[in-house]
Amino acid sequence: MRVLGVPVDAVDMRGTLEWVEQRVKTRVSGTHLCVNAANVVRAHDDPEYLAVLERGDLIGSDGQPFVWAARILGHPLPERVAGIDLMEQVLARSREVGWRIYLLGGREHIVGKLADQLSAEGVRIAGYRNGYFGTEDEAQIWADIRAAEADVVFVGMPTPAKEHFIVDGASLAGVPVCIGVGGSFDVLVGELRRAPGYLQRLGLEWAFRLAQEPRRLFARYAVTNTKFLAIVARAMLNRSRQPRASRT
């Protein structure tokens with residue numbers, strides 16, 4: 001479906017994990033991207049970014065405010081499927097069945113630490129590398145991932161570099177599953193703390209992050225949240241003007 005102008009799939013965590021299982025089983029390349037309030041704002045400001053989202057195979061709803069907005073506008077999404085939650089679920093499954101995991105993104109010491117940590121927990125690490133590279137390096141990186149015979153690649157890079165990298169290259173490398181997980185690597189190794197569950201349920205995870213990095217994130221959140229609220233308000237106004245029978 002389309003919510004606030006961006007594509008998203010009405011799928012819960014269970015359905016997403018079933019999709020991952022099917023892709024790994026059939027070896028058919030698939031990409032998983034996520035949308036939240038910040039992604040909605042970027043898509044409205046950047047048509048090229050929106051076009052990249054359109055090319056994703058499965059689009060998850062990573063953001064409670066986005067889920068709430070979708071429901072208010074008559075597009076019920078079953079639940080929030082956060083990238084880090086999905087990553088943890090896939091890693092748990094990989095321990096059971098032996099999927100080969102490749103980690104791409106973040107700083108060298110962070111991704112290296114995460115690889116060691118997961119390996120010690122029984123995850124088969126096919127390889128890893130940091131997220132600092134130029135577009136001229138991408139072909140070689142995908143070649144390395146193909147050679148590593150990875151089943152699942154987690155890409156811990158910022159938007160929009162993450163989405164461009166995944167959509168443009170995953171099929172070339174023949175990766176069954178490629179999932180964008182943003183800053184999840186830093187959280188999993190303890191570099192950053194994640195908001196408590198009650199703040200996540202209240203849609204205030206962004207505020208918890210802001211409290212940890214106020215100088216870096218204040219301006220970003222102030223602008224993004226204001227724009228998102230304006231987009232939602234405009235969509236609600238447009239919907240109120242439509243005949244009831246046409247609201248789909």
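The following legends describe views of a predicted model of one protein chain.

**View 1. Overall fold of the predicted chain.** Twelve helices and eight strands make up the secondary structure of the chain. Its radius of gyration is 18 Å, close to the 18 Å given by the globule rule for 248 residues, so the chain is as compact as a globular protein of that length. Along the principal axes, the C-alpha atoms fill a box of roughly 55 × 40 × 35 Å.

**View 2. Burial and contacts within the chain.** Of the 248 residues in the chain, 48% are buried. Where contacts link residues at least 6 apart in sequence, 74% of them join residues at least 24 apart.

**View 3. Crossing of helices H1 and H5.** Helix H1 spans residues 13-26 and helix H5 spans residues 83-97. Their axes come within 11 Å and cross at roughly 50°. The crossing of H1 past H5 is right-handed.

**View 4. Residues at the contact of H1 with H5.** On the H1 side, the contact is made by Met13, Thr16, Leu17, Val20 and Glu21. H5 contributes Asp85, Leu86, Gln89, Val90 and Arg93. By residue class, the contact comprises five nonpolar, two polar and three charged residues.

Definitions and conventions. Residues numbered from 1 in each chain as written. Predicted model: local features only at pLDDT ≥ 70, side-chain atom pairs only at ≥ 80, totals over all residues. Heavy atoms only, no water. Axes fitted to C-alpha atoms, helices over the stretch in contact; angles between N-to-C directions. Helix = DSSP H or I, 4+ residues; strand = E, 2+ residues; numbered from the N terminus. Left-handed = near helix turned anticlockwise from the far one by under 90°. Contact = heavy atoms within 4.5 Å. Nonpolar A, V, L, I, M, F, W, Y, C, P; charged D, E, K, R; others polar. Rg over C-alpha atoms; globule rule 2.2 N^0.38 Å. Buried < 20%, exposed > 50% of the residue type's maximum accessible area, 1.4 Å probe, protein only.
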